[in-house]
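Let's walk through this one together, from strands to loops. Keep the viewer open as you read.

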Amino acid sequence: TVTLTEAGAAEVNAGTDLPAFNVTAKSTTGQTSVSTPVEIDPAIDTNEPITLTMTAPPVFVEDATAAGDVVTTVDTVNDPDGADYRYSIDDSVNYAIDAATGTVTLTQAGADLVNAGTDLPAFNVTAKSTTGQTSVRYEYAGRD
């Protein structure tokens with residue numbers, strides 16, 4: 001078994017190709033054997049991060065905002081490993097999210113905040129690949 005070192009993991013996470021290496025086997029009697037160089041195929045990328053951007057939120061108008069008004073939608077999402085996505089949000093009191101599309105809408109509580117003249121709180125949207133290997137977070141700073 002060949003295990004990636006911390007330095008090797010940093011190289012992979014930075015998108016750098018790993019160098020070829022040799023494996024040496026040594027018997028208890030002192031005999032050794034060295035493999036031919038083991039090449040890492042750079043075309044085989046695994047666990048590449050998802051990139052996610054969301055549309056700019058609108059400016060909500062006090063006393064004219066309702067539950068279901070769209071806060072933001074997925075602008076672009078890309079997983080180089082090729083997967084489908086599921087979306088979640090960390091504030092389900094003021095916002096609702098469509099887990100399949102990533103569209104964020106206001107709940108009644110969120111609409112009530114805007115209509116009372118209160119700023120909306122910050123939230124995070126997480127896109128996770130259906131393979132469960134990667135996720136990314138989009139941070140919304142909050143405003144009305």
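Tyr85 sits across from Ser129 in β9. Next along, Arg86 faces Lys128 of β9. Two strands count as paired here if DSSP finds at least two bridges between them, and the strands themselves are DSSP runs of E with at least two residues, while helices are runs of H or I with at least four residues, both numbered from the N terminus. As a bit of background, strands of a sheet pair through backbone hydrogen bonds, either parallel or antiparallel.

Buried means under 20% relative accessible area, exposed means over 50%, and partly exposed is in between, with a 1.4 Å probe and protein chains only. As for β9, six of its seven residues are buried, so this strand is largely enclosed by the rest of the structure.

## What you're looking at

This is a predicted model, so to speak of local features pLDDT has to be at least 70, side-chain atom pairs count only at pLDDT 80 or more, and totals for chains, interfaces and linings use all residues. Residues are numbered from 1 along each chain as its sequence is written, and side-chain values use heavy atoms, with hydrogens and water left out.

The protein chain has two helices and 10 strands. Reading from the N terminus, the elements go α-β-β-β-β-β-β-β-β-α-β-β. Of its 144 residues, 25% count as buried. The chain exposes about 8,900 Å², and carbon and sulfur atoms supply 51% of that; the areas come from the Shrake-Rupley method with a 1.4 Å probe, and for residues only the protein chains shown count as cover. Among contacts with a separation of 6 or more, 51% are between residues 24 or more positions apart, a contact being heavy atoms within 4.5 Å.

## The nonpolar core

How many residues does the largest nonpolar core have? It has 18, and those with the most contacts inside it are Leu52, Val71, Tyr95, Val104, Leu120, Phe123 and Val125. The elements giving two or more residues to this core are β3, β6 (85-89), β8, β9 (123-129) and β10 (135-140). A core of this kind is a set of buried Ala, Val, Leu, Ile, Met, Phe, Trp, Tyr and Cys residues joined through side-chain atoms within 4.5 Å.

## A three-stranded sheet

Three strands make an open sheet in the order β4-β8-β7, with antiparallel pairing. Its edge strands are β4 and β7 (95-97), each of which pairs on one side only. On average, neighbouring strands of this sheet are turned by 35° against each other, direction ignored; the axes behind that angle are lines fitted to C-alpha atoms, for helices over the stretch in contact, and angles run from 0 to 180 degrees between N-to-C directions.

β7 and β8 are joined in the antiparallel sense by three bridges. Here Tyr95 stands opposite Leu106 in β8.

## Around Thr107

Thr107 lies in the loop between β8 (104-106) and α2 (108-115). Is Thr107 buried or exposed? With 15% relative accessibility, Thr107 counts as buried. Leaving out residues up to four places away in sequence, Thr107 touches Ala67, Ser92, Val93, Asn94, Tyr95 and Ala96. A polar atom of the Thr107 side chain lies 2.5 Å from the backbone oxygen of Val93.

Next comes Gln108, found in helix α2 and partly exposed at 48% relative accessibility. The Gln108 side chain makes a polar contact with the side chain of Asp112 at 2.8 Å. Such a contact is a pair of N or O atoms within 3.5 Å; within protein, one must be able to donate a hydrogen and the other to accept it, and residues adjacent in sequence count only if both atoms are side-chain atoms. Gln108 and Ala66 are 42 residues apart in sequence, with their C-alpha atoms 6.9 Å apart.

## The loop between β3 and β4

Ala67 is in the loop between β3 (51-54) and β4 (70-72), and is partly exposed with a relative accessible area of 39%. Not counting residues up to four places away in sequence, Ala67 touches Leu106, Thr107, Gln108 and Ala111.

Asp63 is found in the loop between β3 and β4. Asp63 is exposed, with a relative accessible area of 63%, and has a positive phi of about 70° although it is not a glycine. For context, most residues other than glycine have a negative phi.
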